[in-house]
Structure formats: structure tokens, C-alpha cells
Amino acid sequence: MALIPRRPATRFNRSTRFGALWLAAWLCLPNVAGAVALRVAVASNFAETITTLGALFEERTGHRLTVSTGSTGKHYAQIVHGAPFEVFLAADTERPERLERSGHAVPGTRFTYALGRLALWSAHPERVVDGAALLERGDFRRLAIANPALAPYGRAARETLEALGAWQAAEPRLVTAENVAQAYQFVASGNAEVGLVAWPLLLQDEAGPRGSWWLVPETLHAPIAQQALLLREHPGGRAFLAYLRGPEALAILRARGYGVPDDF
């Protein structure tokens, strides 16, 4: 069982300090004038974190968040076909870039808000000892992953298996979920012995991860850079993206197991 990695302390440069002070002063206002409802499409790995961030943002600003969680690929298709979201928090860079290029987003609002990590996880405490060897040997009946075509964490799972030379042997025994949160549930419910899931999902419990796990080396897959963007002009959307880049949100992201821009 791997030790939980510690993130380095936040390092703010001069411009970041100025932005943080400005944002902190703005958030001290009891309510932002003209508070409105804000519809946010969120990658499933971020569901727990957006609940915390959303509650704090609503408290600080008076804006109200309506959140829809699911796979990044599914949200992308919905947005292209006219789904009425104002903000998209994806789990990759590819879909936000496409939306920006095709005119489905406000230019210049796209940025990386978090860097995700992948973990091999079992609900059983002694199941995962040497994660790389377990995958290389195919020492499992069922392995849960998110759909690589829809979910960036699923794509990272496939890349990991390919890097270990284990994809072909594992493919017939995969339990493929629509998104990484569902892959996590497959393992938690016992429908799969192990799964390649988002590391932050294992940190949802305040007591820390249960079961056994292996934090997948980032050299085995492409970076899971998660990007946000504004889909249409909206005062609440601008405010939320500013909040997401502020010190309070960054501290929460780091505590949830995400890399944040200061750590990249």
C-alpha cells in the first residue's frame, strides 16, 4: 500500500499575490449584486470537490450553482448540441480546446484548474501490494476502468495498461464504466476486484483511503490536465472561474489530491 503523497506548500508569485488579495477583498462582500443561477457541467471525478467549492462560492457570492456531473465526452456532446451550461469543468484539455475553436465558448477563458492522478484501487486491504506487477500478471478476474472514448481517466487507464504491456490480456476482463465515478462504484460494490480510478475519489472519506491502492506513476500515461472554460457570457460564470483560481479553492483542490497550477 503506497504512502499518500504530500503536495508542496503553495508558492505565490507577485501577480498571484495581487490576484489573491483582490479576490479575497471581492469575496468579503456579503452578496454580489445581481446574483443569478449558474449551470455548471462537471467531470465526474470532480463531483465531491464541486460540492464543497459550490457551497462556499454560493455563501460568498449569493450566486446559485446547478451542477451536472458526468463523463467529459458526454458533456462535450451535450454542449455541442446546445445544452444550456454556462461553465464547463472538464477532465481533459482536448474537449475545451475543441469548444473554444468551434465557437462554443468565450475566447480567452480556458485554463487548467487541476492536474489529476490515477490510482489502482481495491476495496480489500491486502489486495493491491505491487500494483504494476498485479496489472502485468493480470492477477484479477475483473478490472474496472472508465470508458477511454468518453473519460480522460479511462484513457489514462488504457495508456497505463499499454505501457505495462497488459492491455491485450486485460481487455476481455474489463468492466467498462461510463465515467470514472462509476468505475469507482464498480469496485466499491464488489462487481470488480480492482479498478483504475481517480486518486481524488479515494480521498473522499475524511479518514483517508480505505482498502489498498497503488498511485500510478505519471510516466505511464499522458498528463490528466483538467481545464475549465466559460461557455457563454454570464456574471456568475466569470465570478466562479475567478473563485476557482483563488487561494481558498486552490487549498481545497490540493487537499482533495489534485495538483494545482502553482505545483505544475
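These legends go with a set of close-up views of one predicted model.

Residue numbers start from 1 along each chain as its sequence is written, and side-chain values use heavy atoms, with hydrogens and water left out. Because the model is predicted, local features need pLDDT of at least 70 and side-chain atom pairs count only at pLDDT 80 or more, while totals for chains, interfaces and linings use all residues.

**View 1. The whole protein, as a starting point.** Out of 264 residues, 52% count as buried, where buried means under 20% relative accessible area, exposed means over 50%, and partly exposed is in between (1.4 Å probe, protein chains only). Take the contacts with a separation of 6 or more: 78% of them come from residues 24 or more positions apart. A contact here is heavy atoms within 4.5 Å.

**View 2. The sheet that holds S1.** Here 5 strands make an open sheet with mixed pairing, in the order S2-S1-S3-S10-S4. Two strands pair if DSSP finds at least two bridges between them. S2 and S4 are the edge strands with a single partner each, so one side of each has no neighbour in the sheet. From one strand to the next, the twist averages 20°; axes are lines fitted to C-alpha atoms (for helices, over the stretch in contact), and angles run from 0 to 180 degrees between N-to-C directions.

**View 3. Strand S1 and its partners.** S1 (37-43) is mostly covered, with 5 of its 7 residues buried. It pairs with S2 in the parallel sense over 7 bridges, and Ala43 sits opposite Gly70 of S2. To get from S1 to S2 the chain goes through helix H2 (residues 47-61), in a right-handed β-α-β crossover. That hand means that, with the strands pointing away from the viewer, the path from the first strand over the helix to the second runs clockwise. S1 also pairs with S3, again parallel, over 3 bridges, with Ala41 opposite Phe88. Follow Phe88 across to S10 and its bridge partner there is Leu229; S3 and S10 (residues 224-230) run antiparallel and are joined by 3 bridges.

**View 4. Helix H3 and its buried face.** Which residues of H3 (residues 72-80) are buried? They are Thr72, Gly73, His75, Tyr76 and Ile79. Down the helix axis they fall within an arc of 160°, so they line one face of H3; the arc is taken from the directions from the helix axis to the C-beta atoms. The buried residues pack against strands S1, S2 and S3 plus helices H4 (94-101) and H6. Just after H3 comes Gly82, with a positive phi of about 100°.

**View 5. Where H2 meets H10.** Two packed helices are described by the angle between their axes and the distance between the axes. For H2 and H10 (residues 235-244), that's about 115° and 11 Å. The crossing is right-handed; the convention calls a crossing left-handed if the near helix is turned anticlockwise from the far one by less than a right angle, and right-handed if clockwise. On the H2 side, Ile50, Leu53, Leu56 and Phe57 meet Gly236, Ala239, Phe240, Tyr243 and Leu244 of H10. Beyond its neighbours within four places in sequence, Thr49 touches Ile252, Leu253, Arg256 and Tyr258.

**View 6. Val106 in its loop.** Val106 is in the loop between H4 and strand S4 (111-116), and at 10% relative accessibility it counts as buried. Setting aside neighbours within four places in sequence, the contacts of Val106 are Glu100, Leu230, Leu231, Arg232, Glu233 and Arg238. Val106 and Glu86 are 20 residues apart in sequence and 9.9 Å apart in space, C-alpha to C-alpha.

**View 7. The sheet that holds S5.** This open sheet of 5 strands runs S7-S6-S8-S5-S9, with mixed pairing. S7 (174-177) and S9 (212-215) are at the edges with a single partner strand each, so one side of each is left without a neighbour in the sheet. S5 (residues 118-122) and S8 (residues 194-198) pair antiparallel over 4 bridges, and Ala119 is opposite Val197. Helix H6 (residues 152-163) lies across S5, S6, S7 and S8, at about 80° to S5. Helix H8 (residues 180-188) lies across S5, S6, S7 and S8 and runs at about 145° to S8.

Methods:
Helices (H or I, at least four residues) and strands (E, at least two) are DSSP runs, numbered from the N terminus.
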